[in-house]
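My entries follow in the order in which I looked.

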Amino acid sequence: MSGDGWVAVVGTGPAGPQWLTPETADILGRATDLVGYGPYLDRVVADHQRRHASDNRQELDRAGHALDLAAEGARVAVVSGGDPGVFAMAAAVLEALDRDTEGRWRDVSVTVHPGVSAMQAAAARLGAPLGADFCALSLSDNLKPWAVVERRVRLAAEADLVMALYNPASRSRPWQLGRVLAVIGEVHPPATPVVFATAAGRGEQERLTVTTLGEADSSQADMRTLVIVGMPGTRVLEREQGTLVYTPRYYEGA
Ligand code: SAH
């Protein structure tokens, strides 16, 4: 068996089915096999598919496994949370292909499909904090040296970029976010808005906090938190219905 298999790399969005695209739902429905980190697969309703759940860290092995299945004729959805191209499986699948010097997976069709990323969900919940130039950074130092994280954060602050910080904290990485906020604090004033969005879009679990660089409590962040650090022009609107945050599209001097 070979030739008809495919790998489609998809993302389920950051929360429930309301943020899963129709295209992704269609692909999940047509797949014979699902490959991904267990908790992401749990979010996908599937009874007819074979599930290949794995540990969150084995990304390259998981990608190779998906490609092997497809080479044998399976229709494989590789499932990430959020968008599959943002700190997720799409790059791992392409990395596996890149290393395939023997052409084992030459005949396998590989496609990537967009999803709603956590930063979009978190930003929308709070207004428009990413309304002007911004960047996205992962604070995880599993795949890069910590010095690189600090350098990028400092330069982003100096460039007045709003920052969407993924993977801000976990049990094994408790101090990193505090250090990052301190680095940004050396560049921006203490009143600069900071937002914590935990489990955005996940009903009762959702926690949204609007604070400032000077007052942010980094221990509030966990693995389900997306932190957005504004720039000095980022604005906070206190309204009766709740607090909204936005970064104006105009920059001083325009
Ligand atoms: N591919 C995913 C990101 C994977 S990295 C995406 O595009 O969203 C995992 C990190 O994403 C988490 O540590 C957290 O920072 C963020 N995240 C995922 N879902 C989230 C949610 N519902 N609310 C807040 N942050 C979330």
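**Ligand contacts**

I began with the ligand and found one of its nitrogen atoms 2.9 Å from a backbone N or O atom of Ala200; I count a polar contact as a pair of N or O atoms within 3.5 Å. I noted that this is a predicted model, in which local features need pLDDT of at least 70 and side-chain atom pairs count only at pLDDT 80 or more, while totals for chains, interfaces and linings use all residues. Residues are numbered from 1 along each chain as its sequence is written, and side-chain values use heavy atoms, with hydrogens and water left out.

I then found a polar backbone atom of Gly81 at 3.0 Å from a nitrogen atom of the ligand, and a polar backbone atom of Met223 at 2.7 Å from a ligand oxygen atom. The ligand on its own has 550 Å² of accessible area, of which the protein covers 92% (Shrake-Rupley method, 1.4 Å probe).

I listed 20 residues around the ligand, with Val86, Ser117, Ala118, Met223 and Thr225 coming nearest; a residue is listed if one of its heavy atoms lies within 4 Å. This shell divides into twelve nonpolar, five polar and three charged residues, where Ala, Val, Leu, Ile, Met, Phe, Trp, Tyr, Cys and Pro count as nonpolar, Asp, Glu, Lys and Arg as charged, and the others, Gly among them, as polar.

**The parallel sheet**

I traced an open sheet of five strands in the order E3-E2-E4-E1-E5, with parallel pairing; strands are DSSP runs of E with at least two residues, helices runs of H or I with at least four, and two strands pair if DSSP finds at least two bridges between them. Its edge strands are E3 (50-54) and E5 (109-112), each of which pairs on one side only.

Strand E2 (residues 33-37) pairs with E3 over five bridges, and I noted Ser54 in E3 as the bridge partner of Tyr37. Helix H4 (residues 89-98) lies across E1, E4 and E5 and runs at about 155° to E5, with contact meaning heavy atoms within 4.5 Å and angles running from 0 to 180 degrees between N-to-C directions of axes fitted to C-alpha atoms, for helices over the stretch in contact.

**The mixed sheet**

I followed another open sheet of five strands, E7-E8-E11-E9-E10, with mixed pairing. Strands E7 (134-138) and E10 (207-212) each have a single partner strand, so one side of each is left without a neighbour in the sheet.

Notes:
Polar contact = N/O pair within 3.5 Å; in protein donor to acceptor, adjacent residues only side chain to side chain.
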